[in-house]
Amino acid sequence: MDAEESFDLDAAGLRADDRDAVTSLEVLASKLEQALPTHTRVERRGRGLFARGKIVERLEVRLGDWVLSLRRANGRVEGWREREVGGISIKREPLGMGTWVSALVLELREASGRSAEAREALARLLS
């Protein structure tokens with residue numbers, strides 16, 4: 001099994017298990033920060049007054065004109081995809097976690113055809 005098939009299976013696991021989307025958000029944020037550091041922004045907040053560590057509050061990936069975002073809200077994860085032109089959002093559509101992951105994989109594949117940096121990032125993400 002090659003790395004791309006492995007990532008697709010990981011993504012399928014995320015799509016299949018929306019009820020555990022909060023945990024998936026943590027894993028996805030970590031993977032994307034490593035694979036796409038210049039395209040990924042992660043906002044974290046403390047777990048509580050005495051708790052250690054931080055949790056992902058929001059994840060944003062910018063690829064070309066598209067911005068894919070996930071946000072923790074009331075114990076759930078909300079996702080959306082926006083198309084930006086000149087810094088202005090011209091289209092925004094809500095996405096479930098599974099659809100969001102599919103859209104991310106599609107955008108990464110398209111970007112890897114246009115840029116060496118994106119190809120390297122996709123290779124890191126798939127390894």
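Modeller: Accessible areas here come from the Shrake-Rupley method with a 1.4 Å probe. Please note that this is a predicted model.

Colleague: What share of the accessible surface of the protein chain belongs to carbon and sulfur atoms?

Modeller: The accessible surface of the protein chain comes to about 7,400 Å². Of this area, the part that belongs to carbon and sulfur atoms is 49%.

Colleague: In what order do the elements of the protein chain run from the N terminus on?

Modeller: The protein chain has 4 helices and 5 strands. Read from the N terminus on, the order is α-α-β-β-β-β-β-α-α.

Colleague: What percentage of the contacts with a separation of 6 or more is due to residues 24 or more positions apart?

Modeller: A contact requires heavy atoms within 4.5 Å. Among contacts in the protein chain with a separation of 6 or more, residues 24 or more positions apart account for 41%.

Colleague: How many salt bridges does a search of the whole structure find?

Modeller: Side chains of opposite charge can pair when their charged atoms come close. The cut-off applied is a side-chain nitrogen of Lys or Arg within 4 Å of a carboxyl oxygen of Asp or Glu. With that criterion, the number of salt bridges found in the whole structure is 11.

Colleague: Which strands does the salt bridge between Arg41 and Glu60 link?

Modeller: The closest N and O atoms of Arg41 and Glu60 are 3.4 Å apart. The pair links distant parts of the chain, 19 residues apart. Arg41 lies in residues 40-46 and Glu60 in residues 54-63, that is, in strands β1 and β2.

Colleague: Is Glu60 buried or exposed?

Modeller: A residue counts as buried under 20% relative accessible area. Arg41, at 39% relative accessibility, is therefore partly exposed. Glu60 has a relative accessible area of 6%, so the class of Glu60 is buried.

Colleague: Which residues are linked with Glu60 in a network of salt bridges?

Modeller: Glu60 also meets the side chain of Arg62 in a salt bridge, at 3.2 Å from N to O. Arg62 counts as partly exposed, with 37% relative accessibility. The residues linked with Glu60 in the network are Arg41, Glu43, Arg58, Arg62 and Glu84.

Colleague: What is the distance between the closest N and O atoms of Arg71 and Glu78?

Modeller: Arg71 is partly exposed at 33% relative accessibility, and Glu78 is partly exposed with a relative accessible area of 25%. The two residues form a salt bridge, and the closest N and O atoms of Arg71 and Glu78 are separated by 2.3 Å.

Definitions and conventions. Residues are numbered from 1 along each chain as its sequence is written. This is a predicted model: local features need pLDDT of at least 70, side-chain atom pairs count only at pLDDT 80 or more; totals for chains, interfaces and linings use all residues. Side-chain values use heavy atoms; hydrogens and water are left out. Helices (H or I, at least four residues) and strands (E, at least two) are DSSP runs, numbered from the N terminus. Buried means under 20% relative accessible area, exposed over 50%, partly exposed in between (1.4 Å probe, protein chains only).
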